[in-house]
Amino acid sequence: MLHFQSSGSDLVPARYEIQCEDEGTTLILNIRAELWPHVLSRLRNWAYLPYLERDLQVPHFISPHGLPWGFGPVLMEEKSADSQWHRIRCELPQFFRGTFVHEGDPWGKAFGLSASLWAVLSLASYEVPDVNLSPELVQIVEVMIGARRNNMGSSCATAAAFSPQLCTWIAAQDLDRLCCHLTQQMTNAYLRLYGLDEVDSFGRHELGARVIEFPYILFSCPGDRCSLYRSVGTNWRYGQGYELMDHNVDTPMQQLVLLMGVAALTTAYRNSQ
């Protein structure tokens, strides 16, 4: 994970960005155009792919070649309106038909999507010595995800780091209004993934974004206090970034809902510039 500098003048060139579309039901991965050929080359030869297939019990990896790809057909490349980015589209599938009513193996498909995002984001974070990225585009959010699945259960590690530029912007917003917007996008993602028409009263209490301590945004999802929250011992000051760590993110669906909240925040920031 990138370590954002404490000074707002120390800009980190953007390597990738996650954004939100279709009211929270589509996740967009933007990879810097200069980096994509290197990411693609590493992806096709990544020694870790067979281990993910085996350990996460996911579909066989489909290489990018113009058709939907990933651990199952979950990612799709499409033309970006901005030539600085290579754009990858991920439309959230419906894994269940009402909470845990399902057909086939939704868990394998869900872990396949998580693993696909994990692979792309991990490889996009690697340094490429012969590529000099322009600081004109600044990294505003860094995310780190992972997944584990065995007979004892599962976990889906999720963390995020917000840049000083983003945190200063957050501090200047109407936070009630911002969190209401983020919550709506997360709710739409949750409903799509679980095939629900509405969130029950218990879920509504746990699902969404809110500010517990200015200007830290807490993202939460139903399930044993599942959340992304401020790192312990951090006290924010103007001109600094901050990091969020996970708590009880046990399933890919929870991970995707939290990621959509972060992606919605990134999108709101970019749309305001």
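Is Trp46 buried or exposed, and what is its relative accessible area? Trp46 is buried, at 15% (buried means under 20% relative accessible area, exposed over 50%, partly exposed in between, with a 1.4 Å probe and protein chains only).

A word on the source: this is a predicted model, where local features need pLDDT of at least 70, side-chain atom pairs count only at pLDDT 80 or more, and totals for chains, interfaces and linings use all residues. Residues are numbered from 1 along each chain as its sequence is written, and side-chain values use heavy atoms, with hydrogens and water left out.

Let's turn to the rings. The whole structure holds 10 aromatic pairs (ring centres of Phe, Tyr and the six-membered ring of Trp within 6.5 Å; planes under 30 degrees apart are stacked, over 60 edge-to-face, the rest tilted). Two of them are tabulated here.

| Pair | Centre to centre | Angle between planes | Kind |
|---|---|---|---|
| Trp46 and Tyr48 | 5.5 Å | 70° | edge-to-face |
| Phe162 and Tyr242 | 5.3 Å | 50° | tilted |

Because Phe162 lies in strand S10 and Tyr242 in strand S14, their pair ties together parts that are 80 residues apart in sequence (strands are DSSP E runs of at least two residues, numbered from the N terminus). Phe162 is buried at 1% relative accessibility, and Tyr242 is buried at 4%. Tyr48, by contrast, is partly exposed, at 35%. Elsewhere, ring pairs join Trp36, Phe61, Trp69 and Phe71 into a cluster.

S10 and S14 also belong to an open sheet of six strands, ordered S7-S10-S14-S13-S12-S11 with antiparallel pairing (two strands pair if DSSP finds at least two bridges between them). Strands S7 (141-145) and S11 (208-213) stand at the edges with a single partner strand each, so one side of each has no neighbour in the sheet.

Conventions. Helices (H or I, at least four residues) and strands (E, at least two) are DSSP runs, numbered from the N terminus.
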